[in-house]
Amino acid sequence: MTPAPSIVVIGGGPRGTGVIERIAANAAELYGDRPLDLHVVDPHPAGGGRIWRPDQSPLLWMNSMAEDVTMFTDETVELAGPVVAGPALDAWAEDVRAGRITPDADPAVLAEIHGLAGADFPTRRLQSAYLRWTYERALAALPPGITVHEHRTTALAVTGPRGGRQRVRLQDRPEPLLADLVVLTVGHLDAEQDPEQQGLADFARRHDLVHLPPDFTADSDLDALRPGEPVIVRGFGLAFVDLMVLLTEGRGGRHENGEYLPSGREPVLYVGSRRGVPYHAKIGYPWTGERPPLPQHLGPAWTEELLSRTGPLDFRRDIWPAVAKELGHAHYHRLFTAHPERTALAHEVFAEKYAAADPGSPELAGLIAEAVPDPADRLDLDALDRPLDGVRHDSPEAFQEALRAHITADLARRHDPEHSEDLAVFLGLLSAYAQLIRLGDIGSWWHGFFSYLASGPPGPRLHQLLALSRAGVVRFLGADLTVETDEEQGLFRARSATVPGARTEARALVEARLPDPSLRHTASPLLRALRDGGAAITDGGLLAVDPADSRVLDDEGRPHPRRLALGPFTTARAGGAFTRPRTGGPAFRQNDAAARAALTFLRDLSCRGLLAS
């Protein structure tokens, strides 16, 4: 008997779940009622995977509001397959409250669901329940000929000839899974320590210190950080926010009426980074009125022109000027249409001249100066990116006050609709990301800038940070942070350009960031085997995939007919963990294209009777 075709999805987190949802959506059209074995491999429960697993602290939140998170397509998404509507997180919670949905969740999570509003920031364990329900709904929508097999283990390697069945080796299992096609959606993975981190780890071992390398904060050994002792923290993004919460509220402290009441079990966190400031707060008001037309200067024609060029692209030279002009277009469109009293030129005149001016040109700068009298109303991306450049303070105490003022001002602005041009820039960032993702690996700077400006913490987290700073539990170090080791004294030492001459010494160092997704330093045996087996790796260390359907490319640029990959370790990475409703999320387009390519390939194998043994 000819065996049923088989597909193995390695990684059951949000990306794998999204691909399976698209397989279910496209199966009737492209595959019919033929038999198919669908294997899902992940050591954690499918739906949430490792990062969004249900057994996390209830203190850990998403950094998106419930109304801004969806796992389902809508008519704004460019895709060949059918749109299958589904609830965003807040609508799903309403369906649960109304009894239309009964999720498999423990009573504590159900209680959270019943108290959830659209503008709330849900806990990660609540999001895990939504993801699990999405996964189960996708399985229920599969045709009856598709049989699902879950494997709660780790995939170690994928081997096999280009023209034949692939063999997926699993941890602690003697026999491999046989697959006619493999989809890798493994998400965020651990990394081997680079030479700097290895040197810091070796130093810590020699002197009995604590060194926590880049990691998903919920998996770090925070018990090693002792109460009352100073801890140098390098990184001021979302991983730091998680660290801050787990080491304060997670150790019994409380926030009451804007003050932090310590438990006495907290260490003292000395935090700094390249920028020296936390990510910008999430915008705390909804959109109203006319949206800026996007994309405007950064559309598909621009992308195709760049892709047609020979030779490598330089981000700053070839890409950034157009990105900056696009973000400026969004900013000024909103300023002129929603706040015309702060402009000095007719919108039509400004828009025509803005469109004609070259990005970054003196003509463009002169036009903006003429049309927008107050410099505070002009978009200065360099100042936004590096607010502490050139800033110096005479003492650490002076800097504490200054950075608290900076955070307070950011919170006020991000919650004030009188500055709704900031929300327009956010929409411009989403639009730009959708275009730039087509260019493949354009370096890490853009992704960091996007996250810093568009994917920061909820406002309440920054209010908590201010309270912790006033209580002395968090101390700010500044920008361009460097960490040195002192062999004689057996200590870590941190310095910052923001407070010249100041130094902080500690017996503990935490790298508050996720590991680099580069395959050059990945700790995943699966991705190491793929890298060493001839898959193409970009200069930035990402797995190169075909932008059309996410097939893995080899070092000669040929797409592998039986291997696909999507996620942060590939050139098919997408901005943010989840898609906002009605924003045409590029991840949905990628998932749909990959699912359709997989189903078409497996159908043709089945029809031609070419299933390999």
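How are α13 and α14 oriented to each other? Keep that in mind; the tour comes back to these helices.

Before you start, note that this is a predicted model, where local features need pLDDT of at least 70, side-chain atom pairs count only at pLDDT 80 or more, and totals for chains, interfaces and linings use all residues. Residues are numbered from 1 along each chain as its sequence is written, and side-chain values use heavy atoms, with hydrogens and water left out. Helices (H or I, at least four residues) and strands (E, at least two) are DSSP runs, numbered from the N terminus.

**Stop 1**

Select strand β1, residues 6–10. Five of its five residues are buried, so β1 is largely enclosed by the rest of the structure; buried means under 20% relative accessible area, exposed over 50%, and partly exposed in between (1.4 Å probe, protein chains only). Show the side chains: Ser6, Val8 and Ile10 point one way, while Ile7 and Val9 point the other way.

Look for valine 8 opposite histidine 39 in β2.

Zoom out to see the open sheet of six strands, in the order β3-β2-β1-β7-β19-β18, with mixed pairing. Its edge strands, each pairing on one side only, are β3 (146–151) and β18 (551–553). From one strand to the next, the twist averages 30°. Axes here are lines fitted to C-alpha atoms, for helices over the stretch in contact, and angles run from 0 to 180 degrees between N-to-C directions.

Next, select helix α4, residues 124–141, which packs on this sheet and touches β2 and β3. Its direction makes about 145° with that of β3. Contact means heavy atoms within 4.5 Å.

**Stop 2: the three-stranded sheet**

Select β4, β5 and β6, which form an open antiparallel sheet in that order. The edges are β4 (155–159) and β6 (177–179). Four bridges join β4 to β5 (residues 166–170), and alanine 157 stands opposite arginine 169.

**Stop 3: leucine 527**

Select leucine 527, in helix α16 (residues 525–532). This leucine is buried, with a relative accessible area of 2%. Leaving aside residues up to four places away in sequence, leucine 527 touches Leu184, Val186, Leu189, Leu519, Thr522 and Phe569. Histidine 39, from the first stop, is 488 residues away in sequence and 19 Å away in space, C-alpha to C-alpha.

**Stop 4: the helices**

Select α7, residues 300–307, and show its buried residues Trp302, Thr303 and Leu306. They cover an arc of only 100° around the axis, which puts them on the same side of α7; the arc is that of the directions from the helix axis to the C-beta atoms. The buried residues of α7 pack against α8 (315–338) and α13 (421–436).

Finally, follow α13 to α14, residues 445–454: their axes come within 10 Å and cross at roughly 155°. That answers the opening question: α13 and α14 are therefore roughly antiparallel (under 35 degrees counts as roughly parallel, over 145 as roughly antiparallel, 65 to 115 as roughly perpendicular, and the rest as oblique). Residues making the contact include Phe426 and Tyr433 of α13 and Trp446 and Phe450 of α14.

Note on methods:
Pairing = 2+ DSSP bridges.
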